[in-house]
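This briefing goes through one chain of a structure, topic by topic. Please keep the sequence and the 3D view open while reading.

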Amino acid sequence: MSGFVGRIALGVLWVLLAPLLPGIINRVKAWVAGRRGPPVLQLYYDLHRLWQKGVVQSHLASPGFIAGPAVAWVAVLGAALLVPLGPAGTGLSFRGDVLLMLYLLALGRFATAWAAMETGSAFEGMGAAREVTFAVLAEAALVAAMLALSVQSGSLSLLTMLVPSGGAAAVLLAAGLFTVLLAENCRVPFDDPNTHLELTMIHEVMVLDHSGPPLAVILHGASLKLLLFSVLLVESVLPVRSLAPPASAALLAGGVLATIVGVGVVESLLARFAFRRVPLLLLTALLFCVFALLVAWQGGVA
Amino acid sequence: MSLNLNLLIGLAMGLNLVALGSSRLPSLIRVMSAQGVLLGTMPLLLAADFDWRVAAVALATVFGKGLVIPRLLRRAMRAASIERELEPIIGFEVSLLLGAAATIVSVAVARLLPLMPEHADSLLVPGALATAATGFILLVGRVKAIAQVCGYLILENGIYLFGLLLIHATPLLVEAGVLLDLTVGVFVIGIIVDRIQRAFDSLDTRKLTALRE
């Protein structure tokens, strides 16, 4: 989508759609557990409520406490605008934009960890340390997945490189990217978004001291990241971009829905892993992506 | 046909990594026997026309590696009442990384080898090298005798995979002999495991080096 208005519209679409996903996950979890569950639009209500509240800020915290979530949100939205949203295309596309996406996601993570450590709370420092530790492997897996896509399409732009190859590479990529999605968005089995026990939290513990609008921004940014990763997963596995616009939009929506339902089912059926087992699982995701890269490279040479 | 074969070998290479990452003895045995069964069916895919001798060897391999050997190992495990947890010398993450590196290197090296044109596209040689390397890593990196036996069996799977290259040249008697040797070997090891357990109250092979007159 080109033109200034089109880009704004695309950004608004990303922003408005994102909070739907956590609602669907919660509905799936409630359905598996036999409860009725919160409404699908719950996160919208939460965001609205939080936005009207005041901010409580520590005397120790610098302006970075507020700036961190803002920077993280803008970085994630920027990364999302680089990812083609089915037939709507991208907000911005150029050669090598995949690198910008990876770096924007890293910047978002940095800003969240930075804001978490502003209040000097030991728990939040611990959460930030865990987040960054696991990110080392998760990011490597994401980079390997992007490399595999780039090798098999011979392109460095997200608009043209998200062309699924089918076969073994697609299966490997799907498995790897799904695990990365779970890790990056702090879902079970890496982290439990519902827990409020400090010793086991990762993402939740980082945002303990935030309140009001900054917390709303953090929550919205997390849902945006979830949408980004599920769109990325669907488009690198299913041939979304090669269909006519209505079919393509339907396939993308169906794929994202299936991914999100998958997340909900995983969350209902698995318990959070012990910390010492998490690196092994992340390593598995990395290996899936590396082997997808290997298959892409083999296919390219042979 | 070559595509199916490559898919099976790819699965076997995946099982290599599962074996390296599994932290419990029964799951390691299961992975090893699944790989044996997978490899056992391959001669049927390789042979252009149906040959009853090939079918017999395939059947014997599947039976031996999938049923007899795992059963012997489980029996030895039960008889010696070993704990199921593995205590690796080389940690699971590191051995997984080593295995992955071995797989990538074997794919890269297989490209450089002067292979027959009909084997150039297949994953037979990389699969064989990677499986043998996995066997070595398990042999070196695990201390329990039964885990080392599993490593040895995976190593043998790799050699078997290599042997499939020559399926038309080697007499099938050789294959059958190897299989028999293997079964007897595992049978003997099952007895030895029991003896080690009785003599040392543990199956940690590191204690064997402290043997004195």
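**Helix 5 of chain B**

In this predicted model, helix 5 of chain B has 21 residues and spans 30 Å from its first C-alpha to its last, close to the 30 Å expected at 1.5 Å a residue. Seen down the axis of this helix, the buried residues fall within an arc of 155 degrees, so they line one face of the helix.

**Buried and exposed residues of helix 5**

- The buried residues of helix 5 of chain B are B:Ser95, B:Leu96, B:Gly99, B:Ala100, B:Ala102, B:Thr103, B:Ser106, B:Val107 and B:Ala110.
- On the face turned away from the buried side, helix 5 of chain B carries the exposed residues B:Val109 and B:Leu112.

**Contact with chain A**

- Ten residues of chain A are in contact with eleven residues of chain B.
- On the side of chain B that touches chain A, helix 1 (2–21) and helix 5 (92–112) of chain B each supply at least two residues.
- Helix 5 of chain B gives the largest share of that side, six residues.
- Sorted by class, the side of chain B that touches chain A has seven nonpolar, two polar and two charged residues.

**Overall build of chain B**

- Chain B contains nine helices and zero strands.
- The radius of gyration of chain B is 18 Å, close to the 17 Å that the globule rule gives for 213 residues, so chain B is as compact as a globular protein of that length.
- Taken along the principal axes, the box filled by the C-alpha atoms of chain B is roughly 55 × 35 × 30 Å.
- Of the 213 residues in chain B, 38% count as buried.
- Among contacts in chain B between residues at least 6 apart in sequence, 75% join residues at least 24 apart.

**Confidence in the model**

- The average pLDDT of chain B is 82, and 93% of the residues score at least 70.
- Among the elements of chain B, helix 7 (residues 124–141) has the highest mean pLDDT, 91.
- Helix 6 (residues 117–120) of chain B has the lowest mean pLDDT among the elements of the chain, 72.
- Where pLDDT is low, the predicted coordinates should not be read in detail.
- The scores for the model are ipTM 0.75 and pTM 0.86.

Note on methods
Residues numbered from 1 in each chain as written. Chains lettered and ligands numbered in written order. Predicted model: local features only at pLDDT ≥ 70, side-chain atom pairs only at ≥ 80, totals over all residues. Contact = placed C-beta atoms within 7 Å. Helix = DSSP H or I, 4+ residues; strand = E, 2+ residues; numbered from the N terminus. Nonpolar A, V, L, I, M, F, W, Y, C, P; charged D, E, K, R; others polar. pLDDT = per-residue confidence, 0-100. Expected span 1.5 Å × (residues − 1). Buried ≥ 20, exposed ≤ 12 C-beta atoms within 10 Å, placed from the backbone. Arc of directions from axis to C-beta. Rg over C-alpha atoms; globule rule 2.2 N^0.38 Å.
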